[in-house]
Amino acid sequence: MAPLLVSSSTDSNIPISLGIPAVTLGSGGKGGRSHALDEWIDVSNPESLRGKGVTLATILALAGI
């Protein structure tokens, strides 16, 4: 799956608005109704597991581990 560069509203908006660099990483899985009371994500599919691995690898790389 190729990375996507998209614009949206995320929790990263706060640090970015304060001049602090921030990155938002998606889960890689399927979901819907973001930020609604009935928001959902399917964590049982392979894309979700792959997304979690990419997120963890990114965090570890940024931490220098």
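This passage describes the fold, surface and selected residues of one chain.

The structure is a predicted model, in which local features need pLDDT of at least 70 and side-chain atom pairs count only at pLDDT 80 or more, while totals for chains, interfaces and linings use all residues. Residues are numbered from 1 along each chain as its sequence is written, and side-chain values use heavy atoms, with hydrogens and water left out. The average pLDDT of the chain (the predictor's confidence in each residue, from 0 to 100) is 82, and 95% of the residues score at least 70. Confidence is highest in α1, at a mean of 90, and lowest in strand β1 (residues 30-32), at 82.

Two helices and two strands are present in the chain. Helices (H or I, at least four residues) and strands (E, at least two) are DSSP runs, numbered from the N terminus. Their order along the sequence is α-β-β-α. The C-alpha trace spans about 35 × 30 × 20 Å along its principal axes. Contact means heavy atoms within 4.5 Å; of the contacts between residues at least 6 apart in sequence, 24% join residues at least 24 apart.

The accessible surface of the chain is about 5,500 Å², and carbon and sulfur atoms account for 65% of this surface. Accessible areas come from the Shrake-Rupley method with a 1.4 Å probe; for residues, only the protein chains shown count as cover. A residue is termed buried under 20% relative accessible area, exposed over 50%, and partly exposed in between (1.4 Å probe, protein chains only). Of the 65 residues in the chain, 8% are buried.

One of the buried residues is Ser12, because its relative accessibility is 9%. Ser12 lies in the segment before α1 and, not counting residues up to four places away in sequence, touches Ala22, Val23 and Thr24. Ala22 is also touched by Pro15, as is Ile20, with the same exclusion of residues up to four places away. Pro15 belongs to helix α1 and counts as partly exposed because its relative accessibility is 22%.

Helix α1 (residues 13-17) also holds Ile14, which is exposed because its relative accessibility is 57%. Together with Leu18 and Ile20, Ile14 makes a nonpolar surface patch of about 330 Å². Patches are made of residues with over 30% relative accessible area and no salt bridge, like charges being joined within 9 Å and nonpolar side chains (Val, Leu, Ile, Met, Phe, Trp, Tyr) within 5 Å.

A salt bridge is a side-chain nitrogen of Lys or Arg within 4 Å of a carboxyl oxygen of Asp or Glu. The count by this rule is one salt bridge. The side chains of Asp38 and Arg33 form a salt bridge, with an N to O distance of 3.0 Å. Arg33 counts as exposed because its relative accessibility is 52%, whereas Asp38 is partly exposed because its relative accessible area is 45%.

Helix α2 (residues 46-63) contains 18 residues and reaches 26 Å from its first C-alpha to its last, close to the 26 Å expected at 1.5 Å a residue. The expected span is 1.5 Å times one less than the number of residues in the helix. Leu49 is located in helix α2 and is exposed because its relative accessible area is 62%. The C-alpha atoms of Leu49 and Ser27 are separated by 8.3 Å, and the two residues are 22 residues apart along the chain. Just after α2, Gly64 has a positive phi of about 80°.
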